[in-house]
Each structure stands twice: as structure tokens, then as C-alpha cells.
Amino acid sequence: MSSMDAVVKVFCVHTEPNFSLPWQRKRQYSTSSSGFIIEGRRVLTNAHSVEHHTQVKLKKRGSDTKYLATVLAIGTECDIALLTVTDDEFWEGVSPIEFGGLPVLQDAVTVVGYPIGGDTISVTSGVVSRIEILSYAHGSTELLGLQIDAAINSGNSGGPAFSDKDKCVGIAFQSLKHEDAENIGYVIPTPVILHFIQDYEENENYTGFPVLGVECQKMENPDLRMSMGMGPEQKGVRIRRIEPTAPESHFLEPSDVILSFDGVNIANDGTVPFRDGERISFSYLVSKKYTGDKAVVKVLRNSKTLEFTIKLATHTRLIPAHIKGKPPSYYIVAGFVFSAVSVPYLCSEYEKDYDAPVKLIDKHLHGMAQSVDEQVIVLSQVLVADINIGYEEIVNTQVHAFNGKPVKNLKGLAYMVEKCEEEFLKFHLEYEQIVVLQTQKAKAATPDILTTHCIPSAMSDDLMA
């Protein structure tokens, strides 16, 4: 019973950014979810439970009081958030929940929380069905996860999953909704939770999960292995591409075969030993590291074995999966609204990111940033005015260059336009489309357009810095 007393209900008021009108926010809305108290006067819940929060309140079991909470850290990749409450009364009469180890298959688990269907605490039970690298929907990443057959419904998010020894073995965070599937829920396991907590404690901030900035190809075909100069006993995966912004780009090369990571041999299917009778993707070994940690990578290059010590870093995405609580960036000139593309932007514009134009989807799935500040810039819409007649139908079209100079990011585009002294503003868009405006007329028309649409500024605050 003491463990259940440490499970709290989380009330959050969200104010999401408006990507269609990036100079304002959407109407606020409220949600409720679950969380639980851990040592150090802290509370764990899901990152998506407090995303874009303006106010967070917590209520303990059996209490009629809601306490204001402060968000200490949000881990978007692992979908975990850390909260605290300054009111001492909140912490009275409750013991923090203790963590257990990673369960094994068929271990009993009990999910506790405050799902829809009632106001009081709810308990559902099941067993561990699967342990593997899962796709975390909120973070657009792949980390270790547990699949259980206990029901996880809306509101359960952030609640603890207990073992039969009353230890927390994970955090409920998502479920599979499919006509052919029933009672498939997913839990963030303790190794991921403890990684998040230790990261925060050591850095006083969440720095993220490092990745090996490469794309790999399995080496299961014997002819492929032979062509790469691999011996009969050698196993590994071939590097297809390397992130230009990753530290690995200074050491590794395309067509290198990764034989081992930190002394653990990698199989031809990209897996490594996990536990007795189990194997798991070698990305699990990388995710156990912390940002800035070093790892020894052994590769085969031109039939020669080489070893490199690499400093691991987080992933720099060409199209970010999150804007991490910041307002979206925008720049307006002559009614042309330019925006930086992110996954939330695509979801806002097209409901689902895969409904977006093919070229943007390709950059989202396969694009690699050539520098840490590179962005994909689009002319998102045209605020109709006399100055931009004929261009009204341009929507979400990528901008490649301005007056013949490549557009690297939104801040660079804004700078070039503001400093332009040429006769015309020429925006080179995708599919060889070009948009031309007379420079002086375009800049002179901008203030009136901003006033008409009640827009406070021609550019977002981050572009002014």
C-alpha cells in the first residue's frame, strides 16, 4: 500500500505552438496523467504528459489538494520528465518508490495509475511479453523497452509498473492500437529511467542518449562478406552512410565493417548477446553510454582490422523530431512567411508527417545535416497583399537559395534579405521555381502586412539574437 500512496495524478495545462501562425500559440487545453514519487523529493512522469506546459499540478492518492509542481528536466527521446514540488506538505507521509532490476519474460507486472474511466487510482496486471529495442513514439528514437499484456490506457502514462516484489520496473508510456492487437502495452524499463536520472544529476540538465552516427547494412549474405574481405570467423555490419556532424565522421568511412563495439562482437544481423538465450540490437550498447563518453570501435577496412576510440554525441537531425519547448522560428517579408521544418511542423500542417510532400518526407527519413546549424527552410504560406500578387498559392515549398546564394538556415536567410541592397529579392524554390520582388517595395510593404494580420514582429525572437 505504501507504494501505491507514492503514485500521484498529474494535471497539466498545455499551450502548444501554432505552426501555421508561428507568432502566436494555440488555445490552451488540460490533460491528466500519472506519476510517482522517487527519492530526492522528485516525481517522475512522461515527457509527453507535460509537453508545452504552462502549469503542472500534482495530487496524491486520497488527497483533495493539488500542489503546484516545477518541471526540472524533460527527456524527449526517452519520454521521461522529472518534477518537484516546493510545498513541504506534499512530501509528508509518503515513501519514495524504489527501483528494481530488468525483469525477465513472463515476470508478473502491475501497472498503477489514473487512466480514463474514473477518478480514483487504477490497477491492472499482466506479464512481461517481450524485451527488445522499441520505437519510442514521442521521441522518434529507438531504446530498450518492455512489452506487457496489461492494459495501458489514456491517463496511465507516467504511472509505475511494479514487479511482484513491489519494486518499480518501469514507466507506462504507450500502447499499440491496432485492429489485430489486444492488450499490448509498453513500459520504459529501469535501465533507461536510471540513465535519465543519472544524466540529470551529473549535468544538472538532460543531455540525451548518444548514438553512433552511422547507418548500417546487415552482412548476412556470404558473397557480400567475401567481397568485403571478411574471414570465415569475422562477423559485423557494413557502414552505409555516416552523419557529417557526428564525431565518428573523423574516423570511420563508408564500407567499413564494424566488428565490435567496446569489446562486444557484433553479429552479421547487427545484434549482440543480451542475456541467456537472448540477443538485442547493438544500438543498445550505444544507448547505455552517456553524452561525451568514449567507446572503442573495431572495424575492418580493406581487409585490415583497425581500432578507434570515439567520443559519443547525440544525434543532430536535419529535420528535428522536437523543438523542445521553444516557439517555432519564422521570418516574414512582403507577406512571405518562411519557417524551419520540424516533425511537429509537418504533423501540424498535414495531420500526419507522412502526408507531407515527398521531398520533405525524404529529408525527414534520410536527410543528413552537413553542419549542426543546417535547417530545411520552406515558404510556408503567403499572406496575400498587392505586393505578392500571383504568388498566393505557394504553400510549404522548400527554399534552396536567395539571390544565387544557398540558404543554410532561417537566420541566414533573414540576414541576407535584411542586408540585401540589390534591386530584386530572388528566392529560388524547389522544382526550379523562382519568386522575385523589388527589394525596396517588398521591405516597405512588410509593416502594413504585419499590422493587417496583428503580427508583432517580422521575425521570431531567436532570429533577433
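A word on conventions. Residues are numbered from 1 along each chain as its sequence is written, and side-chain values use heavy atoms, with hydrogens and water left out. Because the model is predicted, local features need pLDDT of at least 70 and side-chain atom pairs count only at pLDDT 80 or more, while totals for chains, interfaces and linings use all residues.

I start with the barrel. Six strands close it in the order β7-β8-β9-β12-β11-β10, with antiparallel pairing. From one strand to the next, the twist averages 50°. Strands here are DSSP E runs of at least two residues, helices are H or I runs of at least four, and both are numbered from the N terminus. Two strands count as paired if DSSP finds at least two bridges between them.

Where does β7 meet β10? Strand β7 covers residues 108-113 and strand β10 residues 160-163, and three bridges join them. One partner pair there is V111 with A161 in β10. On to β11: β10 pairs with β11 in the antiparallel sense, again over three bridges, and F162 has C168 as its bridge partner in β11. The two strands form a hairpin with four residues between them, and D166 in the turn has a positive phi of about 65°. Then β11 is joined to β12 by five bridges, with S175 opposite G185 in β12.

Seven of the eight residues of β11 are buried, so the strand is largely enclosed by the rest of the structure. Buried means under 20% relative accessible area, exposed over 50%, and partly exposed in between, with a 1.4 Å probe and protein chains only.

Helix α2, residues 190-203, lies across β8, β9, β11 and β12, at about 45° to β12. That angle is between N-to-C directions, on a scale from 0 to 180 degrees, with axes fitted to C-alpha atoms, for helices over the stretch in contact. Contact means heavy atoms within 4.5 Å.

Next, the cores: sets of buried Ala, Val, Leu, Ile, Met, Phe, Trp, Tyr and Cys residues joined through side-chain atoms within 4.5 Å. The largest has 82 residues, and L44 and L58 touch the most other members. Apart from it lies another core of 28 residues, including A334 and L413.

A334 also has a positive phi, near 55°. It sits in the loop between β21 and β22 and is buried, at 0% relative accessible area. S255, in the loop between β14 and β15, has a positive phi of about 80° and is partly exposed, at 30%. Most residues other than glycine have a negative phi.
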